[in-house]
Every structure is written in structure tokens, then in C-alpha cells.
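Please look over the sequence and the model shown here before reading on. The notes are meant to be read beside the structure, topic by topic.

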Amino acid sequence: MDGQDVTGLMQQIGARARAAAAELAFAEPEAKRQALLAAADAVLVRQEEILAANAEDLAFGTAKGLSPAMMDRLKLDAGRIGGVVEGLRAVAAQKDPVGEVIAEWDRPSGLHIRRVRTPLGVVGVIYESRPNVTADAGALCLKSGNAVILRGGSESFHTSTAIHACLQDGLRSAGLPEDAIQLVPTRDRAAVAEMLRMVEFIDVIVPRGGKGLVGLVQAEARVPVFAHLEGICHVYADGDADLEKARRVVLNAKTRRTGICGAAECLLIDRAFLAKHGPVLIEDLLKAGVEVRAEGELAQVPGTVPAQPDDFGREFLDMIIAATVVDGVDGAIAHIRRYGSSHTESILTENDATAGRFFQRLDSAILMRNASTQFADGGEFGMGAEIGIATGKMHARGPVGAEQLTSFKYLVEGDGTIRP
């Protein structure tokens with residue numbers, strides 16, 4: 001497809017999305033709920049078709065030489081398809097945010113003012129290999145009354161197309177415009193460049209992927225962006241940590257799924273913890289098959305690999321973790337401020353004051369205490385699903401669910417009221 005064809009295609013998609021958004025803005029909550037439930041049913045019915053499409057994508061990924069972590073992101077099985085179905089149903093069951101009164105008040109002038117939630121309009125989602133994003137993003141945008149243009153990664157092209165067909169089934173069954181959820185039908189990278197310039201059609205871009213993708217979007221987008229930077233997530237084991245809790249959380253944070261943005265990429269160990277318990281956390285990781293890139297005293301632990309300077313502030317998305325010793329919570333805070341990406345950090349401590357200091361002095365989108373960073377997920381936060389984890393500070397932060405995909409407007413009522 002040449003550049004002119006891609007431009008024409010994207011202009012058509014944009015115009016159809018804008019028209020669909022105008023209808024969705026006042027669509028009945030029940031229609032949106034029914035569309036999502038029907039889409040969930042369609043995913044179950046078409047499960048074999050989706051798995052066959054995924055097999056094609058996995059073969060493409062193998063030929064392309066994707067890393068094991070990227071292949072894990074791409075792979076679907078019956079369990080993960082079940083998760084897609086559950087996510088669609090969970091979003092369907094949520095309260096519809098559109099029209100919710102956020103605040104209301106009366107003025108001495110006689111005006112009654114309400115601030116109510118309203119859709120953003122058209123959302124563009126650009127993502128890489130995870131095909132479940134097709135369902136999550138489609139569902140959340142529909143629930144929040146937004147039309148969405150989905151541009152999935154070339155690796156997940158067939159799987160995303162199969163899942164998108166299920167979303168279309170749901171829209172048709174509920175009498176909603178099929179253009180409410182559109183999937184860019186080409187692997188041509190020129191489509192991404194077009195989306196970033198489509199200010200007349202797209203209200204916000206959500207990039208969901210690695211540093212390269214997000215950097216490209218932030219550098220070239222003329223459309224506003226909800227930044228989803230890399231997940232350089234830290235776990236800090238404080239001197240007052242409970243040993244068994246710490247061992248459990250550190251292993252889970254790194255090894256449960258290494259290819260997600262909530263996977264821990266750096267372990268910070270308080271010097272007091274090391275003096276009390278020794279290198280047990282490092283030894284646990286090594287036994288689990290994790291490559292530990294350590295510096296300082298931790299580099300003396302047998303089996304570790306000497307850390308290079310660029311191992312800190314790096315998203316491995318693999319069975320690799322950077323590790324270093326810090327002097328107390330202030331040392332951890334300083335390290336995270338220097339190397340973090342404002343995504344998710346966890347402190348392991350039984351000391352309330354120390355936890356409070358960690359929470360107060362760090363400004364990542366998600367801060368946790370005695371919990372695995374793998375919980376950095378909209379589904380785990382009760383949002384049903386997420387369109388991404390926003391690491392910026394404007395409008396949305398942390399998991400972006402249906403509510404975060406709305407803005408607001410003011411409804412002002414008077415009774416022949418005039419301003420003196």
C-alpha cells in the first residue's frame with residue numbers, strides 16, 4: 001500500500017470514527033452493555049478461530065526472531081482467551097460513566113451548575129504485540145462513549161483481526177454503529193504516522209508499548225497523548241521488612257510474568273535488611289532462574305553478574321533484574337527518582353512512618369506497600385480492564401479505565417437569569 005493509499009484509508013477511518021462518536025456520546029448504557037456481553041459471547045464461540053489466527057502470528061513472530069518475553073505477550077491459549085471474555089464482561093458490568101454528575105452547586109445569581117462526565121470523542125490506540133489490548137481498548141472506549149481507532153502491532157495482526165470481528169458482532173447485535181470500534185487493516189507503518197497527525201479526527205492518542213514506540217509517538221504526535229512510558233518498576237526491601245513477605249513479593253514481582261509493564265526490573269535492598277538477613281532475596285531470584293545484575297556488595301553473591309551502568313533504568317521484560325544496596329528509604333527514593341519511569345514502585349516494610357515517607361516523597365503513578373508490582377493493572381484495580389498505565393501527569397494517571405477516558409462539561413441552568 002503506497003503512502004497516498006494509506007492517507008486516504010486513514011482519512012476514511014477517521015471520518016467514520018468521528019461520525020460514530022457523535023452517536024455514541026448519547027448511546028443508552030444498556031445498549032453498550034449488551035454490545036460488550038455479545039462480544040464476550042462471540043469470543044467464546046470463535047475461540048478456535050482466534051487460536052488459529054494466533055498460531056499464524058506466533059509463526060510470524062518466530063520467523064521474525066521475537067524474544068521469549070515478546071512471544072509470551074503475543075501468545076493466547078484457552079486460559080488467556082477466558083481472561084479476554086472475563087474482561088469484556090467486567091467492563092460491561094461497570095457503572096456507565098457518561099453523564100455522571102461529578103459536582104453540582106447553586107450560585108447567589110440563581111444559577112444551578114453541574115459538572116458532568118462526557119466522552120473524549122475519538123481515541124486512537126497504538127499498541128504492540130499483546131492482542132488482548134484489542135478487546136480491552138475496544139471495550140473501555142465503547143463503555144465511555146468514545147469511538148476508537150485501533151492500530152495493533154504487525155506481530156498480532158491476525159489475532160487482533162479475529163478479536164475485532166467479535167467486537168463488531170457485539171456492536172451489530174446492540175444496534176450501535178460498527179464504526180465505533182475500527183481496526184486499521186494494514187501492517188503499513190505509515191498508518192501510525194497518519195494517526196499522529198489526524199487532529200481533525202482523533203482527540204487523544206494512547207500508545208501502548210515499549211520505549212521506542214512511546215518515544216516515536218511523543219516526538220511526532222500533533223494529537224494529545226496519554227503517555228504510557230516503559231515500566232521501570234522498583235521493589236525496595238526496607239530494614240523493617242517482614243522476611244517471608246519480602247521473599248514472596250520479590251519473586252512474584254519479577255517472575256510471574258516478565259513481559260508485562262508491571263514486572264519488577266530493579267531490586268533495592270536496604271543495607272540494614274542485608275545485615276539482618278543476608279542476600280536471601282538475591283539467592284531466591286537466582287534459584288528461580290533469574291539473571292541478577294548486581295553492583296556493590298551484592299556483586300559478591302555467587303551466581304550474580306556484574307551490573308553495567310545502563311542496567312539501572314532499563315526495562316528488561318525478561319528473566320533479568322538489576323539489584324543494588326541503598327542506605328535506607330531515602331537512598332531508595334533517590335535511586336528511584338534518578339532511574340524510574342514514574343510507573344510503579346513497591347516498598348516492603350512493617351514501619352508505617354517509613355512507608356508514609358516513601359508514599360509522600362515519590363510521585364510515580366502507582367505506589368505500593370507489601371504488594372507485588374504485578375498488580376499494576378486496571379483489572380486488578382477493579383476497572384475490568386485498562387487501555388494502559390498512564391505515567392504522565394495530565395488528565396489520566398495510572399491504569400486508564402472507562403472513567404479516565406472521559407472529560408467533563410458544565411451544565412448551567414437559570415430562570416431568565418441575567419448578569420448585572
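What follows is a briefing on domains, cores, surface, salt bridges and backbone.

This is a predicted model, and the domain assignment divides the protein into domain 1 (3–226 + 395–412) and domain 2 (233–380). The largest nonpolar core has 72 residues, and apart from it lies another core, of 25 residues. A search of the whole structure finds 29 salt bridges, some of which are described below.

**Domains**

- Domain 1 is assigned in two segments, 3–226 and 395–412, while domain 2 is given as 233–380.
- The C-alpha centres of domain 1 and domain 2 lie 33 Å apart, and the contact between them takes 8 residues from domain 1 and 13 residues from domain 2.

**Nonpolar cores**

- Within the largest nonpolar core, which has 72 residues, those with the most contacts inside it are Met10, Leu88, Val125, Ile149, Met195, Ile202 and Ile387.
- Helix H1 (residues 3–24) gives the most to this core, contributing 8 residues.
- With residues up to four places away in sequence left out of the count, Ile387 touches Val123, Val125, Ala137, Leu140, Cys141, Val206, Arg208, Val400 and Leu405; one of these partners, Val125, is itself listed with Ile387 among the residues with the most contacts inside the core.
- The other core, which lies apart from the largest one, has 25 residues, including Val249, Ile282, Ala294 and Leu348.

**Nonpolar surface patch and its surroundings**

- Ile102, Phe408, Tyr410 and Val412 make a nonpolar surface patch of about 360 Å², and strand S16 (residues 406–413) supplies the largest share of this patch, with 3 residues.
- Ile102 belongs to strand S1 (residues 101–106), and its relative accessible area of 34% makes it partly exposed.
- Trp105 is also found in strand S1, and at 29% relative accessibility Trp105 counts as partly exposed.
- Leaving aside neighbours within four places in sequence, Trp105 is in contact with Leu111, His112, Ile113, Arg115 and Tyr410, of which Tyr410 is also a member of the nonpolar patch.
- The C-alpha atoms of Trp105 and Val412 are separated by 9.9 Å, although the two residues are 307 residues apart along the chain.

**Salt bridges**

- Asp169 and Arg46 meet through their side chains in a salt bridge with an N to O distance of 3.0 Å; Asp169 lies in helix H7 (residues 157–173) and Arg46 in the loop between helix H2 (29–45) and helix H3 (47–64), so the pair ties together parts that are 123 residues apart in sequence.
- Asp169 is partly exposed, with a relative accessible area of 22%, and Arg46 is likewise partly exposed, with a relative accessible area of 22%.
- Arg46 and Asp169 also take part in a network of salt bridges that links them with Glu49, Arg172 and Glu178.
- A salt bridge joins the side chains of Arg114 and Glu413 at 3.3 Å, N to O, and this pair links distant parts of the chain, with Arg114 in strand S2 (residues 112–119) and Glu413 in strand S16, 299 residues apart.
- Arg114 counts as partly exposed at 23% relative accessibility, and Glu413 counts as partly exposed at 42%.
- In the salt bridge between Arg293 and Glu291, the closest N and O atoms are 2.7 Å apart.
- Arg293 counts as buried because its relative accessibility is 15%, below the 20% limit for that class, whereas Glu291 is partly exposed, with a relative accessible area of 30%.

- Leu317 has a phi near 50 degrees, a positive value in a residue other than glycine, and Leu317 lies in the loop between strand S10 (305–306) and strand S11 (320–326).
- At 14% relative accessibility, Leu317 counts as buried.
- Ser342, which is not a glycine either, has a positive phi of about 65 degrees and sits in the loop between helix H13 (328–339) and strand S12 (344–348).
- Ser342 is partly exposed, with a relative accessible area of 28%.

Note on methods:
Residues are numbered from 1 along each chain as its sequence is written. This is a predicted model: local features need pLDDT of at least 70, side-chain atom pairs count only at pLDDT 80 or more; totals for chains, interfaces and linings use all residues. Side-chain values use heavy atoms; hydrogens and water are left out. A nonpolar core is a set of buried Ala, Val, Leu, Ile, Met, Phe, Trp, Tyr and Cys residues joined through side-chain atoms within 4.5 Å. Buried means under 20% relative accessible area, exposed over 50%, partly exposed in between (1.4 Å probe, protein chains only). Helices (H or I, at least four residues) and strands (E, at least two) are DSSP runs, numbered from the N terminus. Contact means heavy atoms within 4.5 Å. Patches are made of residues with over 30% relative accessible area and no salt bridge: like charges are joined within 9 Å, nonpolar side chains (Val, Leu, Ile, Met, Phe, Trp, Tyr) within 5 Å. Accessible areas come from the Shrake-Rupley method with a 1.4 Å probe; for residues, only the protein chains shown count as cover. A salt bridge is a side-chain nitrogen of Lys or Arg within 4 Å of a carboxyl oxygen of Asp or Glu. Domain bounds come from an automatic or database domain assignment.
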